[in-house]
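Welcome, and thanks for opening the viewer. Let's walk through this structure together, one selection at a time.

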Amino acid sequence: METSLQVTAAMGKAERRGGGGGHRSKSSSSSSSSSSSRSSLLLAFMSCLAWLYVAGRLWQDAENRVVLTNLLSRTLDQRPKVSTVDDKLKMLGCKDLERRIAEAEMDLTLAKSQGYLGNQSKHSGASSGKKFLAVIGIYTGFGSHLKRNMFRGSWMPTGDKLRKFEEEGVIIRFVIGRSPNRGDSLDRGIDKEIQRTQDFLILEGHEEAEEELPKKAKFFFSTAVQNWDAEFYVKVDDGIKLDLDGLIELLRKRRDQQDAYIGCMKSGEVIAEEGKQWYEPEWWKFGDQKSYFRHAAGPLLILSRSLAHYIFVNSVSLKTYAHDDISIGSWMIGLQATYIDDSHLCCSSSGQDKICSTVW
């Protein structure tokens with residue numbers, strides 16, 4: 001009996017021990033499941049970070065490729081192109097053609113100066129052998145109709161008086177080029193005025209524009225030399241009033257003066273600041289002092305036959321600057337010109353014994 005009770009008690013203890021082990025097994029399983037869940041979340045988080053990193057790198061690489069492609073494209077565009085043999089031959093051919101054209105123009109100009117003019121002259125003065133004292137050219141423009149009428153009503157002769165001056169050896173003409181749009185209303189207006197007044201010298205090869213004014217001197221003196229054989233050629237601005245009789249008297253006193261460059265001689269500051277009045281784009285050519293060389297002032301200047309003839313012969317190669325009086329002065333520097341500074345030709349608003357005076 002005692003033995004049976006002992007067996008029973010042992011079995012109870014064993015069952016209790018077995019029941020405690022099952023509880024511990026359940027706790028262990030729950031802990032393992034929780035740890036596995038945390039690992040999965042951590043892996044998922046790490047995967048997201050890795051995906052974002054890879055996506056960011058791919059996006060950055062794509063942008064870098066675009067930038068590099070654009071840089072490469074610009075570099076290729078700016079890279080000098082390799083000229084083929086044919087291209088170089090064409091370039092040499094063009095340069096040679098330009099040189100030949102320039103030489104032909106100079107030969108043509110020289111031929112004209114030596115009398116091979118054909119029927120180009122519209123006036124009989126040059127071809128008839130008649131000699132004149134002076135050709136007076138008054139610069140004018142398309143918008144200066146009122147000024148021309150004021151001149152005709154004051155100091156400039158018209159009609160029969162104009163022809164009488166020509167018979168006495170003095171040619172007086174308004175000087176104008178052609179419109180940039182040949183044959184337009186501006187040209188037609190001048191042509192109608194010519195028919196009525198007969199007091200114009202048309203510079204067919206010159207384009208009448210403000211920026212082309214320095215070149216006008218070359219065309220004026222060249223055209224005047226071709227049309228009339230005169231002792232003097234006078235350039236006059238349309239902003240002055242002229243004492244015509246006083247000018248003619250001065251020229252008669254200078255008839256024996258060879259290679260005469262006559263005017264109100266001056267120099268002055270070279271304006272180097274763009275936008276200012278009288279700005280000179282090529283200011284750097286006039287030295288560190290930025291001062292112009294001695295030259296006759298623009299409103300009224302006179303050249304003798306030989307100097308005007310020089311401009312005619314060399315007009316193709318003569319350099320022009322921003323202002324016509326500076327341009328003419330630069331042409332005279334290399335010549336044996338006789339500079340004559342005459343205070344009577346210094347135009348001012350007032351003053352006695354002045355041949356010219358400013359009115360605008």
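Contact here means heavy atoms within 4.5 Å. Keep in mind as you look around that this is a predicted model.

**Stop one: two helices.** Select residues 213-227, which are helix 7, and residues 305-314, which are helix 9. Their axes lie 8 Å apart, and the helices pack at an angle of about 110°. Angles of 65 to 115 degrees count as roughly perpendicular, so helix 7 is roughly perpendicular to helix 9. Now show the side chains: Lys218, Phe221, Ser222, Val225 and Gln226 of helix 7 meet Ala308, His309, Ile311 and Phe312 of helix 9. By type, the residues of this contact comprise five nonpolar, three polar and one charged.

In what order do the seven strands of the open sheet run? Follow them as 3-2-1-4-7-6-8, with mixed pairing. Select 200-207 (strand 3) and 338-341 (strand 8) to find the edges; each has a single partner strand, so one side of each has no neighbour in the sheet. On average, neighbouring strands are turned by 25° against each other, direction ignored.

Pick residues 260-266, strand 6, which runs parallel to strand 8 and is joined to it by four bridges. Here isoleucine 262 sits opposite isoleucine 340 of strand 8.

**Stop four: helices on the sheet.** Select helix 4, residues 145-152, and you will see it lying across strands 1, 2 and 3, at about 175° to strand 2.

Key. Residues are numbered from 1 along each chain as its sequence is written. This is a predicted model: local features need pLDDT of at least 70, side-chain atom pairs count only at pLDDT 80 or more; totals for chains, interfaces and linings use all residues. Side-chain values use heavy atoms; hydrogens and water are left out. Two strands pair if DSSP finds at least two bridges between them. Axes are lines fitted to C-alpha atoms, for helices over the stretch in contact, and angles run from 0 to 180 degrees between N-to-C directions. Angles under 35 degrees count as roughly parallel, over 145 as roughly antiparallel, 65 to 115 as roughly perpendicular and the rest as oblique. Ala, Val, Leu, Ile, Met, Phe, Trp, Tyr, Cys and Pro count as nonpolar, Asp, Glu, Lys and Arg as charged, and the others, Gly among them, as polar.
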